Amino acid sequence: MIKDLKDYIAIYPYHEWKIIEDSFELEHNYRNETVFSLANGYMGLRGTFEEGYPFPADQGLEGTFINGFYESETIRYGELAYAYPEKTQTMLNVTNGKIVRIYIDGEQFNMLEGSMEQYQRVLDLQKGTVTRSLIWQSPKGKKLQIVITRLVSFTNKHLATFQYELTPLNFAGEIKIEALIDGKVENSTAKTNSRIDYGPYGRVLIEKNRQFQDDVCALMQVTKQTQLSLLCATDHHFEDQNMVIASASIDEKDVIGKSYTVNAKKRETIRFTKNLVYLTSSEYEVNDMFAKAITILSEAKLKGFTNLKEEQAAYLEQFWYRTDVEIKGNIALQQGIRFNMYHLLQSAGRDGKTSMAAKGLSGEGYEGHVFWDTEMYGLPFFTFNNPQIAKRLLEFRYNTLNQARQRARELSIDKGACYPWRTINGQEASAYYPAGTAQVHINADIAFAVQNYMDATDDHEFTLQMGAEMLIETARFWYEFGAYIETKDNKFCINGVTGPDEFTVLADNNCFTNLLARENLWNAYNVVKWMEKNYPVEFAELSAKIGLEDDEKNQWKRAADQMYIPYSEDLEIFPQDDGFLYKKPWDIANTPIKKYPLLDHHHPLVVYRHQVSKQADLILGLCLLSHMFTKDELQRNFDFYEKVTVHESSLSACIFSIVASRIGYYDKSYEYFMTTSRLDLDDYHRNTHAGIHTANMAGTWMCIVNGFAGMQEHNDKLCFSPYLPEEWDEYSFKVSYKGRLIKLTIAETGTTYELLAGKDIEIIHENGTMLLQMKPKIQAAIFDLDGVIVDTAKYHYLAWKRLADQLGFEFTEKDNERLKGVSRMSSLEILLEVGQLQFDEVEKLRMAEQKNDWYVDYISKLEESEILLGVKDFILRLKNSGMKIAIGSASKNTLMILNNLNILDLFDAVVDGNKAIHAKPDPEVFLLAAEELQVDPTACIVFEDAFAGVEAAKSAGMYVVGIGDLSVLKEADDVIDSFVEPRFDPKNPICFI
């Protein structure tokens, strides 16, 4: 059921970029282990504590996972039928290399003993780290400040690292540190989930050997059935090795490690780093694994923890630049969408041999299996943000195509391939075929994702090497699996299948399946025609490889053209399948909440014979292909299926949200969206402990991009129909499309589009075509002087005030604000206006000279220390990025000031009041600067603190960043407070994030 969220409160404090746990509460530990998990697509570490607490099964799950590393057991059936899967596949909970134990004079650090102060744990989404900090007081009263930072590297998939910072607060003495590898691990799902009866049972990782070398220790284990080998290796070092007074190896049954004793001094911090590496025989020869681990550990030690953190942050900076969705006006949703996107990044395999499990690498839920979730939900997110990751995920399907072919043969299909409903290694692992193998729509789901990727990227190499073959083999399956049925007017029908709705199994002509299969058949026909025309040699090679016959493509097209699509003339809707409208409706409104989920409280036969849908089924088809349906059709079907859908899958709400947006049901769309946005973060389903919900996380992004912004890809163009939810002030996001990077900003004033990278491109906005062209690349930066480089305004004020005092009237700082960015003579006119005085031109020239003499005297004493904070480093960063730098100031004393500040050599050009005749807001000073730099004005960025300067730069056609008060500088393109951490990207100089 869709959750009523009014009674839900946020579990974690709102923060745009961080998830913060302010207290350790045992009853929430299991859930928090998932939320604070770290992964990189290959290795996943649950957010368990390094101390290695033996929590009972309902309080925690120690977890370390390697994508694609699994064990198999024989499936135990009560009754066995032909071609039932024979083996399970379960992602293993592997060797625990996280353990670090701290002892103070024999007392072991334990958060369940003694007392704690100032506990906090932070997942930093920009840095890619989890940091736990606390002050622990031992039972004997010794206080130790502990800060532990861990990261799982995005730049080296085999590496994780932990840094300990230990500071004795009220004692000095010996501290012992034990860094361990625990090989005694096992999966707990078979114990904790009463609905399943398959393994692995007990321990399945058997020790093969162990090795020690200096500060390195390594444990090699192998699985019982699959015979996959795993090496877990660790290295350890201190910032100050002289603190270590004793060290020893720990060599016990199932456990190895290193022990260090250090001489701790009161209030002096001990810094200890543990680097952790995992390798498997899926990638390396067993005999080479230890040497490879040594290499990785040595490189990590040489870089040091600080550099590893910087690498991690740099990787994420690029990820967020392309991927971030910014929401103004709702920090809760801002935190939620970023948390979701971060976990998607953590979950996706990058090597073409692994994919993205439904729970990512955060828990044992669903045994680490890959479902249709990846292609239908995860792939759109990656395709339009990080297409290189999308390609790797599709490569997994290509690399398991032979297993899919074999599965098709088991299903009596002579040609083509049938992908498994749930898998790790490419073979079917679903033991319950009505809700498993019968969901053959996964073939069309994968084919749809393949076509979507090819359309969005124009990656012809992928098409020729993988994509075409996958489209052809899945189309071949449909042609044999379906049939022309005489009683259906000889339409092509697909019978005995289960659609996305797992409450309606083995149905005839599931409408979603037929719609997607039709797309699959059409796309296979089109790709063959395209290859025949454009790549005849490659097509001949592919045809020979798979035995493709000349008439097959026409058979697919005829089947697609003749596909039976159920339709009710009476209700004017598309029935979910041939029998759905002939079932008794389930009384959803009067079913007690305690009777949900339905299959947990009713025999399947009871649920299956009713008209009730577990999740978006036909509505998903309308969502994916909405360009093929009228708005009225969308509305009628939405209204009907909303009443019969109970949304017992986390994959459902986002789809209803998107279709509601396209109809114009904006309130409903937002309501559905809200149930997706913080589902794991606030544990709406009370099952976050078992792992994240990756499809729902991707669905949150889809709600915004495909729903609120209305993005669709149709006829080789991106189409948008954006609107702004009433609850928001503004939102923006970027999409990658055909080598371009496009940014959308949707605000109350309308929608703006920016082409940030790539060639000009046409898009569709609402019903009109729009040409996007990239702004000229920023090549130069022009700085005003006063108030930007140095605060000389106070000296101007003192000189003008001195003149006013001499003339006998008061001149205030508020009056002085009118002089900012104005020439000397114009400033004098303003001053005389304030004093209500008039003089002839000769006298005014004398006054201006007098004021300037006083001002020059003041500034002649300027020193380098008076440069405004951060600006010099900022200019150096720009110069290092290859940009030209200039000064554009009305001051005639600019050269003297720059000399006194010792920064004249930073500037490639200096244009001041001696060169420019006209004062700001005339653009002359900036146009002259651009001319001296030999840069087009539109390729310049200007930094200004005055309204007149902003006007001048805008008139010159330049991008303007205001420094200071937003209310004064609102006409600037961007406004920042100062140059202290301006978050400036030299590669995209107009991006202040």
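Strands, like helices, are taken here as DSSP runs, with at least two residues needed for a strand, and are numbered from the N terminus. In this predicted model, one such strand is β11, which spans residues 159-168 and includes Thr167. Thr167 counts as buried because its relative accessible area is 9%, under the 20% cut-off. Leaving aside residues up to four places away in sequence, Thr167 touches Lys143, Leu144 and Gln145, as well as Arg267, Glu268 and Thr269. Val147 lies 20 residues from Thr167 in sequence, and the two C-alpha atoms are 8.8 Å apart.

Helix α16 covers residues 631-644 and helix α17 covers residues 653-663; their axes come within 9 Å and cross at roughly 140°. That angle makes α16 oblique to α17, and the crossing is left-handed. On the α16 side, the contact involves Lys631, Leu634, Gln635, Phe638, Tyr641 and Glu642, which meet Phe656, Val659, Ala660, Arg662 and Ile663 of α17.

Attention now turns to a sheet. Here 4 strands, in the order β24-β25-β29-β30, form an open sheet with mixed pairing. Strands β24 (712-714) and β30 (768-772) each have a single partner strand, so one side of each is left without a neighbour in the sheet. From one strand to the next, the twist averages 35°.

Definitions and conventions:
Residues numbered from 1 in each chain as written. Predicted model: local features only at pLDDT ≥ 70, side-chain atom pairs only at ≥ 80, totals over all residues. Heavy atoms only, no water. Pairing = 2+ DSSP bridges. Axes fitted to C-alpha atoms, helices over the stretch in contact; angles between N-to-C directions. Buried < 20%, exposed > 50% of the residue type's maximum accessible area, 1.4 Å probe, protein only. Contact = heavy atoms within 4.5 Å. Parallel < 35°, antiparallel > 145°, perpendicular 65-115°, else oblique. Left-handed = near helix turned anticlockwise from the far one by under 90°.
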